Amino acid sequence: LGIRAEDLASQYAVSLWFWNGMPAAGREVAGWLYSRDHDGGVSRFGEHLGIGGSSGNTGRLIFQSGVGEVLAGSTEIARWTWNHVLLVRDGERLLVYLNGKPELSGRAAEVSIPQLWLGGRSDSSANWEGRLDEPAIFDRALTADEAAQLAGISP
């Protein structure tokens, strides 16, 4: 699903529930949940969030800024279970929550590309095999309390 995101500035958040049906080591990347890049390709200006596969970080959240280094979470995500993910951008600061708790963080170049993808990467590589529910895009960086609320837990 591609979405135009021209109005997203340097602060935004992407929230969704996911259920993974792909075996974690079934392909190089188990699947991409979110991508912001040019249609049909991957550039050094994009960002991508998914679950690692046979190429590394198997079954864990991964974030790739452009075509560079991959940041990875530490929690192994069980197949066939519902989980909530929230990606929060505040300029170059990146924070990804899994089920309301911080899972990975780092710095990544700001993204100004107006095309946003859910359930796949912009180049259609390792599209999502499973389910997505309740996607929401916010035009601001959300707080830790809001991350917990979206995941259905008390802050």
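Which residues does V96 touch, not counting residues up to four places away in sequence? In this predicted model, local features need pLDDT of at least 70 and side-chain atom pairs count only at pLDDT 80 or more, while totals for chains, interfaces and linings use all residues. Residues are numbered from 1 along each chain as its sequence is written, and side-chain values use heavy atoms, with hydrogens and water left out. With contact taken as heavy atoms within 4.5 Å, V96 touches L49, L61, V85, L86, L87, K101, P102, E103 and L104.

A nonpolar core is a set of buried Ala, Val, Leu, Ile, Met, Phe, Trp, Tyr and Cys residues joined through side-chain atoms within 4.5 Å; buried means under 20% relative accessible area, exposed means over 50%, and partly exposed lies in between (1.4 Å probe, protein chains only).

Strand 10 deserves a look of its own. In a regular strand the side chains alternate between the two faces of the sheet. Here both faces are covered, for Q115 and W117 on one side and L116 and L118 on the other are all buried. Strand 10 runs antiparallel to strand 3, and 3 bridges join the two; strands pair if DSSP finds at least two bridges between them.

Leaving aside neighbours within four places in sequence, V29 is in contact with I51, G52, G53, I62 and A126. The C-alpha atoms of V29 and G53 are separated by 4.1 Å, although these residues are 24 apart along the chain.

The whole structure contains 4 salt bridges, each a side-chain nitrogen of Lys or Arg within 4 Å of a carboxyl oxygen of Asp or Glu. In one of them, the closest N and O atoms of R89 and E47 are 2.9 Å apart. R89 lies in strand 7 (residues 82-90) and E47 in strand 4 (residues 47-52), so this pair ties together parts that are 42 residues apart in sequence. R89 is buried at 1% relative accessibility, and E47 is buried at 0%. Another salt bridge joins R60 and E76 (3.8 Å, N to O); R60 is partly exposed at 25%, whereas E76 is exposed at 55%.

H48 belongs to strand 4 and is buried at 0% relative accessibility. Its side chain meets that of D37 in a polar contact of 3.4 Å, a term for a pair of N or O atoms within 3.5 Å in which, within protein, one must be able to donate a hydrogen and the other to accept it, and residues adjacent in sequence count only if both atoms are side-chain atoms.

Notes
Helices (H or I, at least four residues) and strands (E, at least two) are DSSP runs, numbered from the N terminus.
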